[in-house]
Amino acid sequence: MKKVYLDNNATTMMDPEAYEEMLPFFKEKYGNPNSLHDYGTQTHKALRNAVDTLYRCINAGDMDDIIVTSCATESINWTLKGVYFDKIYTGEKDHIITTSVEHPAVSATCAFLESLDTKVTRLGVDGDGQIDLNELKNAMTDKTALVSIMWANNETGTIFPIKEAVQIAHEGGALFHTDATQAVGKLKVDVKDVGVDFMSFSAHKFHGPKGIGGLYIKDSIKLTSLLHGGEHMGGRRSGTLNVPYIVAMAKALDNATKFIEMENVHVRRLRDKLEDALLSIPDVAVIGDRKYRTPNTILASIKGVEGEAMLWDLNKAGIAASTGSACASEALENNPIMEAIGADVELAHTALRLSLSRFNTEEEIDYAIDEIKKAITRLRSISSTFAYTPSWHKSGL
Ligand code: PLP
């Protein structure tokens with residue numbers, strides 16, 4: 001049976017070059033980079049090179065910090081809780097602004113800080129999943145400590161106007177964090193250009209290993225540490241460094257950055273082909289204007305087809321897709337992004353997310369199109385809601 005992986009916003013296959021590059025650091029090059037003997041200096045050099053690559057790929061400057069963490073969730077928790085300790089707990093500020101469509105790493109951390117009496121404003125989104133910068137301007141107060149807006153949404157792929165949002169936050173005296181987990185490796189990410197203060201990312205979203213990520217900190221801004229201990233990473237994040245994963249993350253990001261143009265041409269073309277095929281089926285809608293989406297993502301709503309049932313059929317055909325964020329999938333609840341963009345309950349149950357990578361081929365997409373069409377025909381034929389809704393029914397699909 002064919003196997004087609006179209007769930008790259010959940011996680012990606014490892015870049016084979018990144019995989020090969022990390023292996024020696026599990027075997028002969030296993031020294032602690034902080035040790036002074038040859039084993040240590042060998043890994044220390046590899047570590048330095050890897051970190052230099054990370055700086056180059058996101059255009060960070062010498063005065064900035066990139067701190068390696070275990071994942072984006074850690075980077076996000078650190079930023080939000082660190083700003084809480086530095087600005088809100090001290091009584092200087094009392095407010096955080098975020099959006100209603102953030103990943104739970106941000107939304108659950110904001111809810112936790114709310115339980116500690118932080119005021120939290122959640123910006124709404126329109127039917128395309130886009131925020132309104134005027135709403136951000138109006139939400140700013142002189143007590144706003146932090147604005148946290150994702151660079152690109154994990155479900156819809158919607159790209160947010162980060163540069164403009166940073167300006168508004170800074171004019172109001174607030175710091176700015178972006179969760180760039182779905183942007184790094186897919187879009188050109190230039191931290192100097194956009195001017196963010198903090199940026200979180202995870203390697204496994206750009207063909208690196210799982211369990212490694214980073215936090216960019218502009219001008220080495222003060223941020224109370226989450227992990228206290230030894231002097232690793234300048235004392236900002238303690239814990240012995242995972243050199244193999246750091247080396248692999250850097251190689252994966254280096255390759256992803258080299259392939260950004262390809263992402264925008266090859267991946268976009270395959271995504272558009274798949275999207276056009278979906279849209280040619282009656283009563284299928286795709287959320288958000290494709291011009292303002294990451295080039296690999298489609299969030300479709302297929303009337304009369306339960307998202308979970310669709311996944312079952314596709315899985316049987318060897319195709320991996322998602323109804324939305326993998327982190328929410330065990331709950332079998334409505335897709336929260338669909339709810340935020342104002343979709344009704346029926347539509348919110350029919351979300352199908354397809355997310356590609358540069359490793360997908362045209363043949364795979366052609367196969368996926370055929371199988372998706374078959375699944376829609378089968379599931380609509382047994383759907384009571386679809387059968388009883390005349391305008392949906394007339395398509396014959
Ligand atoms: N932020 C976004 C937008 C994501 O898509 C994800 C993962 O799905 C995360 C944060 C969390 O990443 P990790 O699980 O690697 O910490």
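1. Polar contacts between the domains. Across the interface of domain 1 and domain 2 there are 13 residue pairs in polar contact, both residues at pLDDT 80 or more. A polar contact is a pair of N or O atoms within 3.5 Å; within protein, one must be able to donate a hydrogen and the other to accept it, and residues adjacent in sequence count only if both atoms are side-chain atoms. Zero salt bridges are found across this interface, a salt bridge being a side-chain nitrogen of Lys or Arg within 4 Å of a carboxyl oxygen of Asp or Glu.

2. Basis of the values. The model is predicted: local features need pLDDT of at least 70, side-chain atom pairs count only at pLDDT 80 or more, and totals for chains, interfaces and linings use all residues. Residues are numbered from 1 along each chain as its sequence is written, and side-chain values use heavy atoms, with hydrogens and water left out.

3. Domain layout. Domain 1 comprises 4–12 + 260–394, and domain 2 comprises 16–258; these bounds come from an automatic or database domain assignment. The centres of the two domains, taken over C-alpha atoms, are 29 Å apart. Domain 1 gives 30 residues to the contact and domain 2 gives 32 residues, where contact means heavy atoms within 4.5 Å.

4. Buried area. The two domains bury about 2,500 Å² between them, with 54% of it on carbon and sulfur atoms. Buried area is the accessible area (1.4 Å probe) that two parts lose on being put together, summed over both. In domain 1, the residues losing the most area to domain 2 are Thr 12, Ile 260 and Ile 337, together 25% of what that side buries.

5. A polar side-chain atom of Lys 205 is 2.5 Å from a ligand oxygen atom. For Gln 182, an N or O atom in the side chain lies 2.8 Å from an oxygen atom of the ligand, and for His 204 the corresponding distance is 2.8 Å.

6. Salt bridges. The count comes to 27 salt bridges. One of them joins Arg 48 and Asp 52, with the closest N and O atoms 3.9 Å apart. Arg 48 and Asp 52 are separated by about one helical turn, because they are four residues apart in helix 2 (residues 38–58); helices here are DSSP runs (H or I, at least four residues), numbered from the N terminus.

Conventions
Helices (H or I, at least four residues) and strands (E, at least two) are DSSP runs, numbered from the N terminus.
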